[in-house]
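User: I would like to go through this model with you. Could we begin with the terms and then turn to the details?
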Number of protein chains: 2
Amino acid sequence: MWHRSVKETVMLYDLTVVQFSKMLNNLNAVLDKGAAYAEAKRVDVGVLLGSRLAPDQFNLIRQVQIACDTAKLGVARLTGKQESAPVHPDVETSLAELKARIHSVIEYLAQFSPSDFEDAAERSISQPRWEGKYLTGYEFAIQHVIPNLYFHITTAYAILRHNGVDIGKKDYLGPMPYKS
Amino acid sequence: MWHRSVKETVMLYDLTVVQFSKMLNNLNAVLDKGAAYAEAKRVDVGVLLGSRLAPDQFNLIRQVQIACDTAKLGVARLTGKQESAPVHPDVETSLAELKARIHSVIEYLAQFSPSDFEDAAERSISQPRWEGKYLTGYEFAIQHVIPNLYFHITTAYAILRHNGVDIGKKDYLGPMPYKS
């Protein structure tokens with residue numbers, strides 16, 4: 001068995017812990033813009049939270065919940081620390097509760113360091129609905145967790161955008177560490 | 001200056017060339033489902049291609065064009081081979097033309113190998129609208145190209161989903177290399 005390199009370990013950490021935390025912060029700010037928009041329109045923010053793009057697609061609350069779980073459980077599974085993940089029973093109904101969930105996940109992610117990812121790439125990772133089948137952590141990260149995280153954050157953004165909230169690509173991407 | 005590891009080079013290649021090709025294939029299949037839906041509904045597929053989620057957001061054609069450019073130019077810039085990228089002047093109006101563009105990018109990506117990414121992480125990368133500022137390739141990949149690629153593919157998916165096309169998360173993610 002070959003050994004994973006330190007730098008690959010750092011990269012898995014950066015792709016998930018660091019970048020997912022950034023995206024959750026961006027999502028939090030986008031939700032705040034949604035709340036400000038609802039207030040300006042004199043509409044209950046709950047209307048936005050219950051909105052969806054198709055009748056059989058999840059609404060905004062559920063998109064945020066799944067984005068949170070994708071980040072939380074993705075990192076927990078990659079590092080073999082599932083038992084350390086905070087439990088969130090999907091009972092949020094208000095914006096404040098949703099934001100608290102986002103912050104809880106960001107705080108959870110902050111406990112990890114690159115060394116937690118030492119065996120991540122080769123770990124066998126499964127999920128309940130996969131009926132015993134598994135992916136390697138490397139495949140799981142690249143083909144499953146990362147695409148899923150961006151899917152749900154983009155869909156949350158799209159629901160707000162569709163309802164008229166004035167947000168743009170910069171709100172989605174967040175600040176860039178530009179150099180000159 | 002420290003040296004990037006071979007495995008990190010492979011990972012940058014897998015995250016972009018390999019995974020972006022997969023996502024573009026998924027996008028191609030989702031567009032085919034949109035075309036079949038339009039035909040079943042006796043609606044011109046052009047109605048779907050011109051659809052958008054907000055009046056000031058790009059329509060489906062433009063989302064696909066930008067997804068293609070994000071993959072093409074992202075890899076070209078990371079590998080320092082911008083002059084090798086095929087030129088696409090954004091003139092597609094039909095589904096056949098859009099699909100040809102997707103295939104052109106997939107063919108372009110197929111020419112790359114992990115060794116092309118040897119200096120990618122440390123390369124200074126800029127884009128015309130950044131006015132001379134730059135990111136390192138490592139930052140560019142993780143914080144810019146990857147989130148953007150998924151943003152535009154998810155938005156294309158969302159436009160079709162919003163219009164009633166029967167697609168689900170599996171169409172977005174594509175096949176997984178499950179083991180048992």
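Analyst: Accessibility comes first: a residue is buried under 20% relative accessible area, exposed over 50%, and partly exposed in between, with a 1.4 Å probe and protein chains only. By that rule A:Lys33 is partly exposed, at 38% relative accessibility.

User: What kind of model is this, and how are things numbered?
Analyst: This is a predicted model, in which local features need pLDDT of at least 70 and side-chain atom pairs count only at pLDDT 80 or more, while totals for chains, interfaces and linings use all residues. Residues are numbered from 1 along each chain as its sequence is written, chains are lettered from A and ligands numbered from 1 in the order in which they are written, and side-chain values use heavy atoms, with hydrogens and water left out.

User: Which residue meets A:Lys33 in a salt bridge?
Analyst: The side chain of A:Asp171 does, at 3.0 Å from N to O. A salt bridge here is a side-chain nitrogen of Lys or Arg within 4 Å of a carboxyl oxygen of Asp or Glu. The pair links distant parts of the chain, since A:Asp171 is in helix α6 and A:Lys33 in helix α1 of chain A, 138 residues apart. Helices (H or I, at least four residues) and strands (E, at least two) are DSSP runs, numbered from the N terminus.

User: And A:Asp171, how accessible does it count as?
Analyst: A:Asp171 counts as partly exposed, because its relative accessibility is 22%.

User: How many salt bridges are there over all chains?
Analyst: The count comes to 20. Another of the pairs is A:Arg62 with A:Asp90, at 3.7 Å from N to O. A:Arg62 sits in helix α3 (residues 60-78) and A:Asp90 in the loop between α3 and α4 of chain A, 28 residues apart. Both are partly exposed: A:Arg62 has 26% relative accessibility, and A:Asp90 has a relative accessible area of 32%.

User: Which residues are linked with those two in a network of salt bridges?
Analyst: The network links A:Arg62 and A:Asp90 with A:Asp69, A:Lys72, A:Glu92 and A:Arg101.

User: What about chain B: where do B:Asp116 and B:Lys81 lie?
Analyst: Their side chains meet in a salt bridge of 3.0 Å, N to O. B:Asp116 lies in the loop between α4 and β1 (124-125) and B:Lys81 in the loop between α3 and α4 of chain B, so the pair ties together parts that are 35 residues apart in sequence. B:Asp116 is buried, with a relative accessible area of 16%, whereas B:Lys81 is partly exposed at 30%.

User: New topic. What rotation superposes chain A on chain B?
Analyst: A rotation of 180 degrees with 0.0 Å of shift along its axis does so, with an RMSD of 0.0 Å. That is the relation of a two-fold axis. The C-alpha of chain A nearest the axis belongs to A:Glu8, 2.5 Å from it. Copies are superposed by least squares on the C-alpha atoms of residues with pLDDT of at least 70 in both.

User: How many salt bridges are counted between chain A and chain B?
Analyst: The count is 4. A:Glu139 and B:Lys179 meet in a salt bridge through their side chains, at 2.9 Å from N to O.

User: Last one: is A:Lys99 buried or exposed?
Analyst: A:Lys99 counts as buried, because its relative accessibility is 17%. A:Lys99 is found in helix α4 (residues 95-109) of chain A and touches A:Asn28 and A:Asp32, not counting residues up to four places away in sequence.

Conventions: Contact means heavy atoms within 4.5 Å.
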